[in-house]
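Let's walk through this model one piece at a time. Have a look at it first, then read on.

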Amino acid sequence: MADITEHLGPTMTILLIAVALGMDAFSLCVGIGMKGIRLLHVAKISAAIAAFHVVMPLVGLFMGQYVSALLGGVATMIGGGLLVLLGGHMIYNSLRGGDAPSFNTGSLFGLLAFALSVSVDSLSVGVSLGMFATDLALTVLLFGTMGGLLSVVGLLIGRRVGQMTGEYGEALGGAVLLVFGILFLI
C-alpha cells in the first residue's frame, strides 16, 4: 500500500502538468475550430499535436537530465523557476487577448508549424522535469495523450462555442504550471 501512495503523488503531478500543457493546445484549437473544420482535419491536427507533445518533452527531459547532472541541487531551483516563468507567460498571453495564430492547417507545413508552436511549451516543461527524477515513459505518454485529447475537445468545442472558452483554457493551464513551479521552489 505504501508503494502505491509513494508513486501516486508524482504521477498526479505529471498528470496535472500534462493537462496544463494540453490546455494550451485546447485554447488554440478552440480558435482553429471556430473557423469551421471537418472531422478528418480534427483527427490530423490532434494526431500531430499529440506526436509533438511526446517528442518535445522527450527532448526536453534528456536536456534536463543532462543539466541536472551538471548542476546537481541547483537544477531543482532552475526547473521550478522555468515552470513559474512558463506559467506566468501563458497567463499573460491569455489576459493580453488576441486571436489564435493564423496557420493554414490544411497544408503539411502549416499543420506541422501549428503543432510545433503549440508544443514548444512541452519542451521547456520537459527540461524542467528532466531535472527531477521522473518516469520518462509515463511522462511522455501522459503529455501526448492529454495534448491530443484536449486538442480534439478544443477543436470540437470551437466548432460550437465562442472564443472566450479558449482564453480561459490557456489561463487555467498557465495557473497550474505557475503553482507547480512555486511548489518546486519551496
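**A helix and its bend**

Take α4 to begin with: its 23 residues should span 33 Å at 1.5 Å a residue, and its end C-alpha atoms are 31 Å apart, which agrees. (The expected span is 1.5 Å times one less than the number of residues; helices are DSSP runs of H or I, at least four residues, numbered from the N terminus.) At Ser119, α4 bends by about 40 degrees, the bend being the angle between axes fitted to the seven residues ending there and the seven starting there.

Before going further, some housekeeping: this is a predicted model, with local features needing pLDDT of at least 70 and side-chain atom pairs counting only at pLDDT 80 or more, while totals for chains, interfaces and linings use all residues. Residues are numbered from 1 along each chain as its sequence is written, and side-chain values use heavy atoms, leaving out hydrogens and water.

Ser119 turns up again among the contacts (heavy atoms within 4.5 Å) of His53, which also touches Phe143 and Val118, among others, not counting residues up to four places away in sequence. His53 sits in helix α2 and counts as buried because its relative accessibility is 0%, where buried means under 20% relative accessible area with a 1.4 Å probe, protein chains only.

Now the nonpolar cores, meaning sets of buried Ala, Val, Leu, Ile, Met, Phe, Trp, Tyr and Cys residues joined through side-chain atoms within 4.5 Å. The largest has 16 residues, with Ile45, Ile49, Phe114 and Leu155 making the most contacts inside it. α1 (2–33), α2 (39–71) and α4 (108–130) each supply at least two of its residues, and α2 gives the most, with 6. A second, separate core of 13 residues includes Ala18, Phe143, Met146 and Phe180.

Conventions:
Buried means under 20% relative accessible area, exposed over 50%, partly exposed in between (1.4 Å probe, protein chains only).
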